[in-house]
Amino acid sequence: MKILIATRNSGKFAEIQEMLSPLGAHCVSLMDLGITENFLEKGESFEENALNKACFYAKLSKLPTIADDSGIFVEALANELGIKTRRF
């Protein structure tokens, strides 16, 4: 089965691909498919962003899609980054 891993981060791609390899999944990246569109993260949680991102790229690629979202929490900045890390 071909699965899109919706990230441009090569490290993240390799990590997810390694987790799926025992299942016999054939993982492809956004670059492999020539997808250049960017997903605008507007969710209120990491989970919401990841789900919306997976749906966005699944519609473009017509493939089952895995996406994730993460951020950095810095106590000294009153945890201001968090969900907004990428936008900061």
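A residue is described here as buried if its relative accessible area is under 20%, as exposed if that area is over 50%, and as partly exposed in between, with a 1.4 Å probe and protein chains only. By this criterion Tyr57 is buried, with a relative accessible area of 2%. The model is predicted, so that local features need a pLDDT of at least 70 and side-chain atom pairs count only at pLDDT 80 or more, whereas totals for chains, interfaces and linings use all residues. Residues are numbered from 1 along each chain as its sequence is written, and side-chain values use heavy atoms, with hydrogens and water left out.

The chain contains two helices and three strands, where helices (H or I, at least four residues) and strands (E, at least two) are DSSP runs numbered from the N terminus. Read from the N terminus on, the elements follow the order β-α-β-α-β. Of the 88 residues of the chain, 33% count as buried. Among the contacts (heavy atoms within 4.5 Å) with a separation of 6 or more, 53% are between residues 24 or more positions apart.

The three strands form an open sheet in the order β2-β1-β3, with parallel pairing; two strands are taken to pair if DSSP finds at least two bridges between them. Strands β2 and β3 are the edge strands, each of which pairs on one side only. Strand β1 (residues 2-5) is joined to β2 by four bridges, and the two run parallel. Within this arrangement, Leu4 stands opposite Val28 in β2. Helix α1 packs on the sheet, where it touches β1, β2 and β3, and its direction makes about 165° with that of β2; the axes are lines fitted to C-alpha atoms, for helices over the stretch in contact, and angles run from 0 to 180 degrees between N-to-C directions.

Two aromatic pairs are present in the structure. Rings of Phe, Tyr and Trp (its six-membered ring) are paired if their centres lie within 6.5 Å, and planes under 30 degrees apart count as stacked, over 60 as edge-to-face and the rest as tilted. Phe39 and Phe56 form a tilted pair, with 5.6 Å from centre to centre and 50° between the planes. Because Phe39 lies in the loop between β2 (26-29) and α2 (46-61) while Phe56 belongs to helix α2, this pair ties together parts that are 17 residues apart in sequence. The ring centres of Phe56 and Tyr57 are 4.9 Å apart and the planes stand at 85°, so this pair is edge-to-face. Phe39 counts as buried at 14% relative accessibility, whereas Phe56 is partly exposed at 30%.

The loop between β2 and α2 also holds Glu41, which is buried with a relative accessible area of 8%.

One salt bridge is found in the structure, defined as a side-chain nitrogen of Lys or Arg within 4 Å of a carboxyl oxygen of Asp or Glu. It is formed by Asp68 and Lys12, whose closest N and O atoms are 3.4 Å apart. Since Asp68 lies in the segment after β3 (65-66) and Lys12 in helix α1 (residues 10-20), the pair ties together parts that are 56 residues apart in sequence. Asp68 is partly exposed at 25% relative accessibility, and Lys12 is partly exposed at 23%.
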